[in-house]
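Have a look at the model first, then read on.

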Amino acid sequence: MSRAATSQELAILRSDGLAARLFAIIDQPAVVYQCRVNQTFATHDRVAQFAYGNASGNLSDVLPGMTVLVGTSQGAWDRGLVRVRKTWTSNTAYIGETSEIKWENGLYITVIDEFAIWPRHVRISGQTAYMDYDIAYSNQHSVFAPVPCLGPDRVLKLDGASVSTQLDASKSWAIGSSISGYAWSVVRGSATLQNANTATPTLTATTAGRILLKCTVTAANGASATGYRTVYVYSAANPPTEIELDDFSGSIERGGFEFAVRLPISPGFTPRDYCKVILFAEECPQSIGPIGGAENVLAIGWMNESECEVDDKSGTAILSIKGANYWLTRIGGYPVGVETVSGTPSKWTQMQNLTVDKALWHLLYWRTTLTNCCDVFLTGDSRQASALQAVSGSLWQQIRTIAEESIFARPMCDPYSRLFVEVETNLVPEDARGGFPVIMELTKDDYRDVRVELRTPETARVELSGVAGTKAIFSRAPGEVFKRFGQVLVKDRLLLSSQAQANQLAGLVLGRENRAFDVSIDLVSANRLITLAPRQYLRLTISAGDTPAGFVYSGKIVPREVSIEHDAATGILSMTVAAEPETFEQISVTQPPPKVAKINLPEQPELNISDWAIVPTGFLSYPNVLSIIDAPGAACRSGADTSANGPYNQWISGTLQVRNTALRSYSLFYARPGSSPNPTRYTINAQFLTRNYDSMTWSETTADDWYSVYLLDRYGNRIATGIHDTVVDLRQRTGYFNPPAGVDCWGVEIALNSDVIQTIDPTMVDLIYLEHPWSSHQTADFSWGKYAEGGVWLRAAGRWNNALYSWTGYKIRLNQSGGYNNWWVYLYGKISTKIGILEENWPPNDKRGLRLYFMGSADNPDVATAEGPKEGGMLEGYAVLQNTARTPIEERDMLIVYGVTWTGTLTKDAKNVDIQVDWQIWPIPTKKLIIDSVYLWNVCKHVNYLDILGQ
C-alpha cells in the first residue's frame, strides 16, 4: 500500500516544491438523540445500562459505537463520556460498562454521531465469560467476523456544482474467508452514492457540509461487520479553519504520529478529549499523498485536552492531536489468552490453528471498537502457536507482547491512524523484500543536509530459540565463538517454522543489531509518500564529500522517524527523516538444545515503577488461565505413571524488588505429592541480586532465603511452598514442592519475603514553612502515611497571603530511630501553584520558578526544576538519590524534602498564592530478582485441564 513517487511527482518536489496552505477540521458531530436519566442508582460501579425518559430525536438514529455525553445540563459532558453498546429500547439505554461516572437521576444524556476508539470490557459471571458485558461465546472463533477497511476520512472542496470521490473498501479482509458483499450508505448529510453495493462506490455532494458514511462488509462465511467514515465538503464561501503547524512527528518506537496546530479560537470553542481533528492542505500545483482520493489529508487524530492551550488574550489555541496508537496506550486491557484446540472452539479462549493474527484479531475486534473507525492490517504470518497471551497492561502493550515477542512484528499507525502490524523490515528474509517499494531515490537536489551517526558493534552473539509446532529449535549467530565486541542478545519464545528459518532469523537479527550507522536527512520538500507504515525504502547515495567524515554509502534505507515543518510565509512543507540502512543476514549455526534453560539478562533500570507487579493478598482473579495441555493424564494423576516429565514454561518474567510484591503464572496443572519418586519441581532462571544499603552497586548472590515459591489454588491461596535446593548456579535456582497429596493447581507465585526489604518507618514527621521575611502564610493542611510496600507519602497544601521576591513553599522532615544516613531512596514529587491576585505592572518577561529538591548531601540535589508563567505552574520530578550526613547535628539521619516556588523579581506583591506539594518516597531495595523464565517439571494434567472461562 506504499507506493513509489511518479516521475511527475518527483519533478514537482524537486523544482519549487509544493506550496501549501494548511487547514484543520475539528469534527462537530451531530446530536442524534437526547434524554434524561430516569432512575436512582444503588452503585456507580459497573453500570452498563440505565432507564431514561424525556427523549427527543429519532431512536433509530442511535447506533452502536456512538458517543454519549453525560452531563448536568443539556449537551454537557461534565460527568463523563460513554459509548452506545447495543441498540437502545424506548426506555433503556445500553452503554459500555463503566465505573467512572457519578450517576444520578435527572442527568442529561446526549448521543452524538461520533465513532471513536473505546475499550470493550470482559465480564465474568459465575463460570461464564462475556465480551462487551453480555455477548456470550457461540461461534465467534470459528466464523470470524470481517474487518472493514474503508480508507481514511476524506476532505473535498466544492468548486463547481458538485464534487465527487471514489471510496474504497476493497482492502477489507476476513480470517479464513473472503469478502463477498459490500453495502455502503449515507447515515447523515447531503450526498448520493453510485454503485453502493460494490467495494468502490462513487460519492457525489452538491452542498458543503459533514457527511457520515457507513459500510457493512459481509464475508463468505456469513459474518458481517460495519465501519464508519466521515467526508467533509467545504467551499470558498464556507472555508475551513486555516492553521499554523506547531508540530508534526512520528516514530517507529512511539508507534505512530502526533501533531499540534495553532488556530484562532472560534466562538463557543471548547476543547474536548477524543474530538477528531483532520489536518489537510490546499497545495499547488497538486497534492501528493499515498492514498487515492485523500492525497490532501496530512493526518487524522483525536484531541488530547490535557495538552491543549487556549490563550483568550491572543485569541488563539494550540490543539494537541494524538494518533490511534496513543489512545491505545491509554486504554487498559483485561488479560488476554488464547490456546489452540484440535476441534471446534467452544469458548473465548480457544482457536483452531492459532496464529498471531488470530490472537490480534480477537484483541482488536472484541476488546476495542478500533475496527469501527480505523483500518487494521495484520501480519499475514502463518506460523502456529499452542498458546498466546498478554497480561494486564494497555491494549498497545498487549499488541506488542503478542506480535513482537513471537514473530518480531511491531504495531505502527500511519498519519491517518491506520494500524499496521508488520515484521520489522530488516528482519524479513532478503528474498521476501521485493514487494517493498522504493519511494524515491534521494539526490542532492532533495536534501539540505545529511547527518550520519556511526555505530559501534553492540552484539557479539545472538542466541535465538523457539518452537516450530511442538519441536524446540535453537540457533546462534555467528556461532560458538563471540564476535570481538558486544554483548550476547537472547531472543527466545519465538514462533518458528523450521531450523533453517530460525538460523536465517538469527543472522538477520545480528545484521540489524550491528548495522554500521544511522542517518538523518533534512529534505527540502515534504514527500508525504514517505511514512513509517506500511514498509518502504528510500534509496540514498552518500559521497565522500557529503559529510565531514568522508562517509560513503549507496543503498536502501528504512525510515524510522519522520517530522514535518511548515513555513507559513512561503507555504513550503519540509521534512526530516531518520533512518537505518537496509541490513542483511549474517552467518549463523544450529545450536544444540541446552541441558538447562539458557539465560542472558540485559541491564535493568535501577527502579522502574512499571516493573512493580503488586499483587495484593487474597488476589482472586484468574483471567484467561492457560492449561498445560501436553502434560500426561490419568495415569500420571493416579501414580501409575511416576516418570519424570517437562519442562513446562510458566511464562513468568519481570522484576521483583519491592516488598509484598509477586509475579504469578496462570496455568492449570496437577502437582504430584512430595512422596512421589519424581515430585513436582521448579527451575527459576534469573539474576539474583543484592547490595549494601549504602551502595548502589549490585552483585549476584547465592543467598536463597529472601524469596519464596508457591503453588496456588483457584482463589489465589498459597497451598504449597517450594523447598529450595542447594544453590549451584548464580543464575538458576531449583527446588521441589512437598504437598502431602497430589493437588490441582491454578498457577505459580514467586514473591519477595517482606522481612528482607528495608522500609521507611518514620517516628516523627514535621512540616516547616519556607518563606522570605516579606512573605506570609496561612495555616497549611499536612498529612502523610505509609505504604504497605515500604514507602511513605506526604502532602502539604495551603495558601500564602503574599509572596514578594522570595522562595515560598514547604520543607518536610522524616525522623526515624536509627536514622536514614547513607540510604538510597527513590523520590517522586509534584508541586502545583496558583496565584490568586496579581498586582499591576508585573515585569512582562518575569517568569516564576518551581523547584523540588532533596537535602541528602551538601549540594542539595534537585529532583526537578522548571520555569513557568507568572500565573501558576505544575511540575513533576523523579530521582534516585542518596541521603548522606550533613549539618546541623540535629538534622543528621533525617530524610528532608523541599517543594518551593520562586515568585519572581517583583516590585508588587503576589497575593493568595496556593501551593500543594506531594511526595512519594520509597527505599531502594537491597534485594532484586530479575526473572527471565520459570519452568515446572513432573506435573500431570489438571482435572479441568482446559479453563474456567466459558464453562
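Let's start inside a strand: Arg493 sits in strand S37, which covers residues 487–495. This is a predicted model, and in it Arg493 takes a positive phi of about 60° even though it isn't a glycine. Is Arg493 buried or exposed, or something in between? With a relative accessible area of 22%, Arg493 is partly exposed; the cut-off for buried is under 20%.

Phe408 is another non-glycine residue with a positive phi, near 60°. Its place is in the loop between helix H5 (395–407) and strand S31 (409–413). Phe408 counts as buried, at 7% relative accessibility.

Two cis peptide bonds are worth a look as well. One runs from Ala533 to Pro534, with omega near 0°, and Pro534 lies in the loop between strand S38 (517–523) and strand S39 (537–542). The other joins Gly646 and Pro647, where omega is about 5°. Pro647 belongs to the loop between helix H7 (634–638) and strand S44 (648–649).

How many disulfides does a search of the whole structure find? The search turns up one, and it joins Cys636 to Cys940 with an S to S distance of 1.9 Å. Cys636 is in helix H7 and Cys940 is in strand S67 (residues 939–940), so the pair links distant parts of the chain, 304 residues apart. The torsion about the S-S bond of Cys636 and Cys940 is about -65°, which means the disulfide is left-handed.

Here is how some of the residues come out on relative accessible area:

| Residue | Relative accessible area | Class |
|---|---|---|
| Cys636 | 3% | buried |
| Cys940 | 0% | buried |
| Cys215 | 0% | buried |
| Arg691 | 5% | buried |

What is Arg691 in contact with, leaving aside its neighbours within four places in sequence? The list is Met696, Thr697, Trp698, Gln758, Trp824, Ile924, Pro925 and Thr926.

Now for the sheets. Six strands make up an open sheet in the order S5-S4-S7-S2-S3-S6, with antiparallel pairing. Strand S5 (80–83) and strand S6 (92–98) are at the edges with a single partner strand each, so one side of each has no neighbour in the sheet. On average, neighbouring strands of this sheet are turned by 40° against each other, direction ignored. Within the sheet, strand S2 (residues 31–37) pairs with strand S3 (residues 47–57) in the antiparallel sense over four bridges. Arg36 has Gly53 as its bridge partner in S3.

Strand S1 (residues 19–26) has six of its eight residues buried, so the rest of the structure largely encloses it. Which strands does S1 pair with? Strand S21 (residues 276–284) is one of them: eight bridges join S1 to S21, and the two run antiparallel. There, Ile25 stands opposite Ile278 in S21. Strand S18 (residues 241–242) also pairs with S1 in the antiparallel sense, over two bridges. In S18, Thr241 is the bridge partner of Ala24.

Notes: Residues numbered from 1 in each chain as written. Predicted model: local features only at pLDDT ≥ 70, side-chain atom pairs only at ≥ 80, totals over all residues. Heavy atoms only, no water. Pairing = 2+ DSSP bridges. Axes fitted to C-alpha atoms, helices over the stretch in contact; angles between N-to-C directions. Buried < 20%, exposed > 50% of the residue type's maximum accessible area, 1.4 Å probe, protein only. Contact = heavy atoms within 4.5 Å. Disulfide = S-S within 2.5 Å.
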